[in-house]
Amino acid sequence: MIFLKTDDEIELLRQSNLLVGKTLAEIAKVIKPGVTTKELDKVAEEFIRDNGAVPTFKGFPNPNGAPFPASICTSVNEQVVHGIPGDVVLKDGDIVSVDCGTYMNGFCGDSAYTFCVGEVAEDVRNLLKVTKEALYIGIQNAVQGKRLGDIGYAIQQHCESNSYGVVREFVGHGIGKDMHEDPQVPNYGKRGYGTLLKKGLCIAIEPMITLGNRQIVMEQDGWTVRTKDRKCAAHFEHTIAVGAAGADILSSFDFVEEVLGDKAI
Ligand code: MG
Ligand code: MG
């Protein structure tokens, strides 16, 4: 069931999502060669709780195993999504996708950004650039009167025209009082097909794009998703509200990119 949000609810969603953006910026400040993903998680959890919110991911149930043990997902290189922070030491040339969720004032925030660690190879940087572009191209289609397939089609076209793989097994989602609400928001689709977009529909759009082919496998931990060919993957996510004239982006990369400066993708 799809819950359309009122303007007041959208403002609450914005507050939660801006906190996610600020949390990602705190993480951006400490990402460098030598840092562990567990340290990034600690920074995130403290910042979220200090701001009166709860990290939504912590304890998130897994139908096939243990609940998620951390406050953020950290997916390094060939890991696509849902990587568990741990003792992995980030090294020069790595990329790390950080996905963050907050719960505040009854509403959820959800946004993700893929960071470079030190100097990253040009082909991998381009994967990040195109994935982020695809996110914004998808958002441009999140307008009242269009359909969900228009968003997926736009993302898929942009990525596949750059010869990248579009992961299909994991998708974006409606968001509100729950982190995952209806509808599902695939990163592929057909123009003019799928759910009609109405003002007040709030969704997380999150392309997961691979340098090689789009096949993925699940690691033994029951959470971490990686590419089968072990080539790199990127993940950028915004929470948005569909509007009559365009989408209202409720999360923000501004805080992150202020920290990254001219190193931003
Ligand atoms: Mg997310
Ligand atoms: Mg999401």
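**Entry 1, the model.** I am working from a predicted model, and I read every value below as computed from that model.

**Entry 2, the metal donors.** I began with the magnesium ion (ligand 1) and asked which residues coordinate it. The donors I found are Asp99 (OD), Asp99 (OD), Asp110 (OD) and Glu237 (OE), at 2.0 to 2.5 Å, so listed because donors are N, O and S atoms within 2.8 Å of the metal. Along the chain, these donors of the magnesium ion (ligand 1) follow the spacing D-x10-D-x126-E. When I placed two of them on the fold, Asp99 turned out to sit in strand β4 (residues 95-104), whereas Glu237 is in the loop between β13 (233-235) and β14 (238-242), and the pair, 138 residues apart, links distant parts of the chain.

Are Asp99 and Glu237 buried or exposed? Asp99 has a relative accessible area of 7% and is therefore buried, and Glu237, at 0% relative accessibility, counts as buried too, because the cut-off for that word is under 20%.

I next turned to the largest pocket, which holds about 710 Å³ of space and is lined by 32 residues, with Phe60, His82, Phe170, His180 and Trp223 lying nearest its centre. The elements that give two or more residues to this lining are β7 (172-174) and β8 (181-185), and β8 has the largest share, with four residues. Sorting the lining of the largest pocket by class, I noted 16 nonpolar, nine polar and seven charged residues.

What volume does the second largest pocket have, and which residues lie nearest its centre? I recorded about 340 Å³ of space and a lining of 16 residues, of which Cys116, Val117, Gly118, Leu260 and Lys263 lie nearest the centre. Both β5 (107-116) and α5 (254-260) supply at least two residues of that lining, with β5 giving the most, four residues. By class, the lining of the second largest pocket has 10 nonpolar, two polar and four charged residues.

Terms used: Residues numbered from 1 in each chain as written. Chains lettered and ligands numbered in written order. Predicted model: local features only at pLDDT ≥ 70, side-chain atom pairs only at ≥ 80, totals over all residues. Heavy atoms only, no water. 1 Å grid on protein atoms, 1.4 Å probe; cavity = no way out; pocket = protein on both sides within 12 Å on 5 of 7 lines; lining within 4 Å. Points joined across faces, edges and corners; volume = space filled by probe spheres on them. Nonpolar A, V, L, I, M, F, W, Y, C, P; charged D, E, K, R; others polar. Donors = N, O, S within 2.8 Å, 3.2 Å for Na, K, Ca; no water. Buried < 20%, exposed > 50% of the residue type's maximum accessible area, 1.4 Å probe, protein only.
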